[in-house]
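Biologist: I have a model open and want to learn how to read it. Could you take me through its features one by one?

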Amino acid sequence: MTTTNHDQVLDRREIAAALLRALERRHEVLDAIVESNDRSEAVATIAALLDTNEQCAEAVLNLPFRRLTKAERKKIRAELEDLDAVLTWTPAERPYATGAHFRMRPINDSTADTELFKERCADQLGEADDDRIASERDAAAERIDDESAMWLVAEDLSGDEPKPVGFAFGELTGHEVEVRIWVRPALRKQGYGTATLKQARTELAAYFPGSTLIIRTPA
């Protein structure tokens, strides 16, 4: 299964799982919706209640009443089992792949981002020379100012403080944006790479509208 197809199946699987959890906790979900001031608040509340992302929460909010029957719940459960059967891995094995409690933000000059970039250089290049790192960062800053590049930091927000996970690098050439991601070695095989790539697509498409994203990993 290709990465794209796997992502699509994974997205469908997460929506089905969220719908099933919502139906099992339907009284709590209905109370949360009724108590919300507007749609956006309802989506955020459902996402927190079911520990899922906003896309899945939207699907729950749009669930028609006809799907509340036992027969419909059985269909959703069967769909979930079918999707699990074709996935090469599931969120249980890589819990962070769904992108819940996750964000991308532009890189900055903070000590934390500098140290993360040093870790990336040491991992990819086998060295972390301060002069070389500074030179590469300065060159990237110029390209970002020229709107020909965007470097994003991936962070896990599930703890008390944001945890830096890795990077997504977008470099514009003509009408194409080359996208590369890097995840810290200690955090690999947990789904962070999938979450980073999925959110990087959305973020970089907004930074470079009308451009084609070319995925090249790792970075």
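Modeller: Let us begin with confidence. pLDDT is the predictor's confidence in each residue, from 0 to 100. You need that score here because this is a predicted model.

Biologist: Which elements have the lowest and the highest mean pLDDT?

Modeller: Helix H1, residues 3-24, has the lowest mean, at 76. Strand E2, residues 149-156, has the highest, at 95. Across the protein the average pLDDT is 84. A score of at least 70 is reached by 87% of the residues.

Biologist: Next, the fold. How many helices and strands are there?

Modeller: The protein has 8 helices and 5 strands. Read from the N terminus, their order is α-α-α-α-α-β-α-α-β-β-β-α-β.

Biologist: What share of the residues counts as buried?

Modeller: Of 219 residues, 40% are buried. The cut-off for that label is under 20% relative accessible area. Take Cys-56 in helix H4. Its relative accessibility is 1%, so Cys-56 counts as buried.

Biologist: And how do I read contacts between parts that lie apart in the sequence?

Modeller: Cys-56 and Arg-12 are 44 residues apart along the chain, and their C-alpha atoms are 9.1 Å apart. Another pair is Thr-212 and Val-177. They are separated by 35 residues in sequence and by 6.0 Å from C-alpha to C-alpha. Thr-212 belongs to strand E5, residues 212-215.

Biologist: Is Thr-212 buried, partly exposed or exposed?

Modeller: Thr-212 is partly exposed, at 44% relative accessible area.

Biologist: How many salt bridges does a search of the whole structure find?

Modeller: The search finds 18. One of them joins Glu-14 and Arg-13, with N to O at 3.0 Å. Both residues are buried. Arg-13 lies in helix H1. Its relative accessible area is 15%, so Arg-13 falls into the buried class. Arg-13 also has a C-alpha distance of 8.9 Å to Glu-81, 68 residues away along the chain.

Biologist: Which residue forms a salt bridge with Asp-113?

Modeller: Arg-105 does, with the closest N and O atoms 2.8 Å apart. Asp-113 and Arg-105 are both buried. They also belong to a network of salt bridges, which links Arg-103, Arg-105, Asp-113 and Glu-155.

Biologist: Why does Arg-184 count as partly exposed?

Modeller: Its relative accessibility is 24%, so Arg-184 takes that label. Glu-119, with a relative accessible area of 26%, is also partly exposed.

Biologist: Which residues form a negative surface patch?

Modeller: The patch consists of Asp-138, Glu-142, Asp-145, Asp-146 and Glu-147. Asp-138 is in helix H7, residues 130-145. Glu-147 is in the loop between H7 and E2. Its relative accessible area is 63%, so Glu-147 counts as exposed.

Biologist: Is Asp-51 buried or exposed?

Modeller: Asp-51 is exposed, because its relative accessible area is 51%.

Terms used
Residues numbered from 1 in each chain as written. Predicted model: local features only at pLDDT ≥ 70, side-chain atom pairs only at ≥ 80, totals over all residues. Heavy atoms only, no water. Helix = DSSP H or I, 4+ residues; strand = E, 2+ residues; numbered from the N terminus. Salt bridge = Lys/Arg side-chain N within 4 Å of Asp/Glu carboxyl O. Buried < 20%, exposed > 50% of the residue type's maximum accessible area, 1.4 Å probe, protein only. Patch = residues over 30% accessible without salt bridge, like charges linked within 9 Å, V, L, I, M, F, W, Y side chains within 5 Å. Areas by Shrake-Rupley, 256 points an atom, 1.4 Å probe, with all protein chains shown as cover. Lys, Arg positive; Asp, Glu negative; His and termini not counted. Charge placed at Lys NZ, Arg CZ, Asp CG, Glu CD.
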